[in-house]
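Thanks for coming. Please have a look at it first.

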Amino acid sequence: MSQAGGHGGTPGRGDGVFSQRAVVLMVGVGLLCFAAAALVAIYASPRTENTYGGNAYSYSAIGHKAWTEVLQDLGVPVLLSRNDSAAKAYEGNGLLVLAQPESNATALESVESLHAADRVLVVLPKWNAVPEPNNRRWVKEMGLRSTAAVEAVLHVVDKEAEILRSEGSAELRGVAWDILPELEGAQLITSEEISPIVYNDEGVLLGEYDLWGTRVWVLSDPDVINNSGIDEGDNAAFAVAMIDALLPAGGTAVFDETIHGFAVSPDLWRALLDFPLNLALLQSLLAAAVLVWAAAGRFGAPLPPRPRLGAGKQVLIDNTASLFQYGGNLVDILARYREACLRDLARHMHIPRDLDRKALTRRLNQVGDARGTSRRFAEVDSEVTAAVAGPAASAPQILRAAARLYAWKQEMIHGHRADPDGLRPGAGAGPQDRGRTGRRA
């Protein structure tokens with residue numbers, strides 16, 4: 001491109017608004033400020049260093065930093081997560097721990113993401129606290145939260161459950177569980193849906209739910225795991241045993257800290273808008289504006305603008321998906337996707353069209369067993385039906401059901417990925433052996 005200033009030779013000192021030395025100096029200062037702000041943001045986190053709440057960073061009586069440190073000392077992989085916690089637990093074959101969530105809308109929204117993980121441990125909150133004025137890492141006063149605030153968290157898992165608070169020492173019993181904690185004034189759950197693990201005649205301290213394939217344990221009283229109670233009796237052993245029972249070999253215990261307001265965006269551009277990086281961003285923009293000003297008039301004609309919308313099928317597909325998501329019709333889309341999959345399989349496998357749903361299910365189960373699929377159609381169909389007919393199916397639950405339906409369809413057509421040689425489980429194999437190689441089909 002041609003230059004607007006100069007006469008074919010080297011530009012003189014007066015061609016720009018600023019001298020070359022001044023421009024270099026301003027750019028250098030801007031880069032140093034940006035680097036300094038980034039280092040402050042990375043290595044200093046005042047919110048986590050001075051917290052007194054019920055979280056994994058807190059040294060106070062209601063915090064549970066001691067619990068995470070005990071697990072780390074025992075060699076258990078622990079991750080204090082501040083974004084995408086459920087995805088980290090699911091992708092890493094780990095355990096999602098939601099310990100003492102807050103009752104505000106943001107925290108409850110994070111708790112609802114438990115459907116995206118395979119294994120979840122929820123520890124209900126119990127205490128409100130006031131910090132020491134001179135040391136905000138310690139608690140000056142503690143008071144019980146209202147049962148309504150605790151039930152707001154519990155109802156994410158079980159809408160009919162209630163909280164009961166007993167008096168005195170709790171005489172607990174276990175179902176296939178030997179380690180029992182020591183508690184005074186226990187906070188317990190009463191519900192017909194929970195499967196008790198540790199309980200007494202008044203309610204359940206530790207119980208299990210099965211939510212659309214997600215295994216959820218709920219501990220009703222945090223005094224077992226918080227800093228003031230973990231050293232009582234066998235509480236420490238009990239706290240570690242819960243993690244050992246749920247965490248698969250090689251997995252990581254992912255403690256979600258977004259439920260305590262410690263969320264950090266993994267998106268660099270979004271992080272640049274938060275303090276203190278926003279100051280460095282402002283300085284960089286000012287420096288860029290100065291550079292543009294200094295170089296004004298030195299370049300040729302501007303390049304033609306890009307078209308607003310690209311051409312091709314991908315753009316059409318992306319726009320259609322965005323419209324469906326905006327319209328909130330995920331349940332209808334999942335139902336139609338299931339019918340489309342069944343039509344494709346019927347055409348691919350030459351299944352008669354006049355079969356009723358029961359006969360079709362039996363036929364697809366038989367074909368799936370013969371091909372060694374990791375899931376039977378009845379299981380996949382049940383999960384999709386639960387998502388479609390459920391009273392309040394969440395987006396992660398619907399997407400998860402669709403993904404499993406797609407994976408099952410691919411296995412029916414192309415075979416199980418883990419079984420490329422046509423092997424399938426033996427006739428006596430249990431559910432835990434599904435997908436492993438056995439005798440030849």
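A charge sits over a ring if NZ of Lys or CZ of Arg is within 6 Å of the ring centre and within 35 degrees of the ring normal. Arg137 meets that criterion: its charged end sits over the ring of Tyr59, 5.0 Å from the ring centre.

Some housekeeping. This is a predicted model, in which local features need pLDDT of at least 70 and side-chain atom pairs count only at pLDDT 80 or more, while totals for chains, interfaces and linings use all residues. Residues are numbered from 1 along each chain as its sequence is written, and side-chain values use heavy atoms, with hydrogens and water left out.

Next, the aromatic pairs. Rings of Phe, Tyr and Trp (its six-membered ring) pair if their centres lie within 6.5 Å; planes under 30 degrees apart are stacked, over 60 edge-to-face, and the rest tilted. The count comes to 5 aromatic pairs. One of them is Trp67 with Phe255, edge-to-face, at 5.2 Å centre to centre and 85 degrees between the planes. Trp67 is in helix α3 (residues 65–73) and Phe255 in strand β12 (residues 253–256), so the pair links parts of the chain 188 residues apart. Helices here (H or I, at least four residues) and strands (E, at least two) are DSSP runs, numbered from the N terminus.

Phe377 lies in helix α13 (residues 377–389) and Trp408 in helix α14 (residues 395–414), so the pair ties together parts 31 residues apart in sequence. Both Phe377 and Trp408 are buried. Ring pairs also link Trp177, Trp217 and Phe238 into a cluster.

Back to α3. Its buried residues are Lys65, Trp67, Thr68 and Leu71. Seen down the axis of α3, they fall within an arc of 165 degrees, so they line one face of the helix; the arc is that of the directions from the helix axis to the C-beta atoms. What covers them includes β1 (78–81), β2 (95–99), β3 (119–123), α7 and β12. After α3 comes Gly75, with a positive phi near 85 degrees.

What does Ile230 touch? This residue lies in the loop between β11 (214–219) and α7 (235–246), and is buried at a relative accessible area of 8%. Contact means heavy atoms within 4.5 Å. Leaving out residues up to four places away in sequence, Ile230 touches several residues, among them Ala66, Trp67 and Ala239.

Last, helix α11 (residues 330–349). Buried in α11 are Leu334, Arg338, Cys341, Leu342, Leu345, Ala346 and Met349. Down the axis of α11, its buried residues fall within an arc of 130 degrees, so they line one face of the helix. They pack against α12 (357–371), α13 and α14. The face turned away from that buried side carries the exposed residues Arg336, Arg343 and Arg347. His350 follows α11, and its phi is positive, near 60 degrees.

Definitions and conventions. Buried < 20%, exposed > 50% of the residue type's maximum accessible area, 1.4 Å probe, protein only.
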